[in-house]
Amino acid sequence: NAGEIIIEKDTKLSARLNGNKNAGPVVLRRATRMAIKKAKQHGFAIVGTNNTCTSTGALGFYAEKIAREGLIGFVFSSCPELVATYGSYGRIFGTNPIAISLPCQHGRDPICLDFATSAMAYYGLIESLL
């Protein structure tokens with residue numbers, strides 16, 4: 001039962017959104033829009049989210065939106081502990097994905113990197129557990 005997304009903190013350069021159990025993509029979409037608006041007004045922005053009920057999906061989608069606005073985008077996420085360290089059996093790390101995007105000139109598509117910090121992405125690990 002999702003509620004309204006709550007802005008827990010809001011400054012000219014930053015914000016923190018409580019997703020209030022909404023789906024990750026819904027919350028990240030709003031956070032991305034806020035970050036773009038703040039960065040265009042002040043040259044820099046950071047917006048964090050918490051309390052979502054699902055994965056955010058492909059972070060590169062949001063990073064690319066930022067770059068298409070002429071801004072450099074960094075999008076990070078965390079996830080539950082599903083990854084063991086080398087030589088270990090215990091799950092202690094998440095896949096913790098990162099996306100980085102850079103705008104390009106002359107109407108070219110942005111450069112966008114989107115990757116997990118583990119050998120497999122989150123959904124690959126979830127599928128392996130089924």
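## Close-up views of the structure

**View A. Glu64 and Arg68 form a salt bridge in which the closest N and O atoms are 2.8 Å apart.** The term salt bridge denotes a side-chain nitrogen of Lys or Arg within 4 Å of a carboxyl oxygen of Asp or Glu. The model is a predicted one, in which local features need pLDDT of at least 70 and side-chain atom pairs count only at pLDDT 80 or more, while totals for chains, interfaces and linings use all residues. Residues are numbered from 1 along each chain as its sequence is written, and side-chain values use heavy atoms, with hydrogens and water left out. Glu64 has a relative accessible area of 30% and is partly exposed; the terms are buried for under 20%, exposed for over 50% and partly exposed in between, with a 1.4 Å probe and protein chains only. Arg68 is likewise partly exposed, at 48%. A network of salt bridges links Glu64 and Arg68 with Asp109. By the rule stated above, the count of salt bridges comes to five.

**View B. A salt bridge joins Lys40 to Glu69, with 2.6 Å between the closest N and O atoms.** This pair links distant parts of the chain: Lys40 lies in helix α1 and Glu69 in the loop between α2 and β4, 29 residues apart. Helices (H or I, at least four residues) and strands (E, at least two) are DSSP runs, numbered from the N terminus. Lys40 is partly exposed, with a relative accessible area of 48%. Glu69 also counts as partly exposed, at 38% relative accessibility. Side chains of opposite charge can pair when their charged atoms come close.

**View C. Arg16 and Glu8 meet through their side chains in a salt bridge.** The distance from N to O in this pair is 2.8 Å. Arg16 has a relative accessible area of 38% and is partly exposed. For Glu8 the value is 36%, and this residue is partly exposed as well.

**View D. The largest nonpolar core has 18 residues, of which Leu17, Leu28, Val47 and Val75 touch the most other members.** At least two residues of this core come from each of β2 (14–18), α1 (24–42) and α2 (59–67). Helix α1 gives the most, with seven residues. A nonpolar core is a set of buried Ala, Val, Leu, Ile, Met, Phe, Trp, Tyr and Cys residues joined through side-chain atoms within 4.5 Å. Apart from residues up to four places away in sequence, Val47 touches Ala15, Leu17, Ala31, Met34 and Ala35; contact means heavy atoms within 4.5 Å.

**View E. Thr32 is located in helix α1.** This residue counts as buried, with 6% relative accessibility. Leaving aside residues up to four places away in sequence, Thr32 touches Tyr62, Lys65 and Ile66.

**View F. A nonpolar patch on the surface is formed by Ile72, Phe74, Phe76, Leu102 and Ile111.** Together these residues have about 530 Å² of accessible area, computed by the Shrake-Rupley method with a 1.4 Å probe; for residues, only the protein chains shown count as cover. Patches are made of residues with over 30% relative accessible area and no salt bridge, like charges being joined within 9 Å and nonpolar side chains (Val, Leu, Ile, Met, Phe, Trp, Tyr) within 5 Å. Phe76 has its place in strand β4, which covers residues 73–76. With a relative accessible area of 57%, Phe76 is exposed.

**View G. The structure holds zero disulfides.** Cys104 is in no disulfide, and the nearest cysteine sulfur, that of Cys112, is 11 Å away; a disulfide is a pair of cysteine sulfur atoms within 2.5 Å. Cys104 counts as partly exposed, at 30% relative accessibility. Cys112 is in no disulfide either, its nearest cysteine sulfur being that of Cys104. Cys112 is partly exposed, with a relative accessible area of 31%.

**Overview. The protein contains three helices and eight strands.** Read from the N terminus on, the elements run β-β-α-β-α-β-β-β-β-β-α. The C-alpha atoms fill a box of roughly 45 × 40 × 20 Å, taken along the principal axes. Of the 130 residues in the protein, 31% are buried. The accessible surface comes to about 8500 Å², and 55% of this belongs to carbon and sulfur atoms. Among contacts between residues at least 6 apart in sequence, 52% join residues at least 24 apart.
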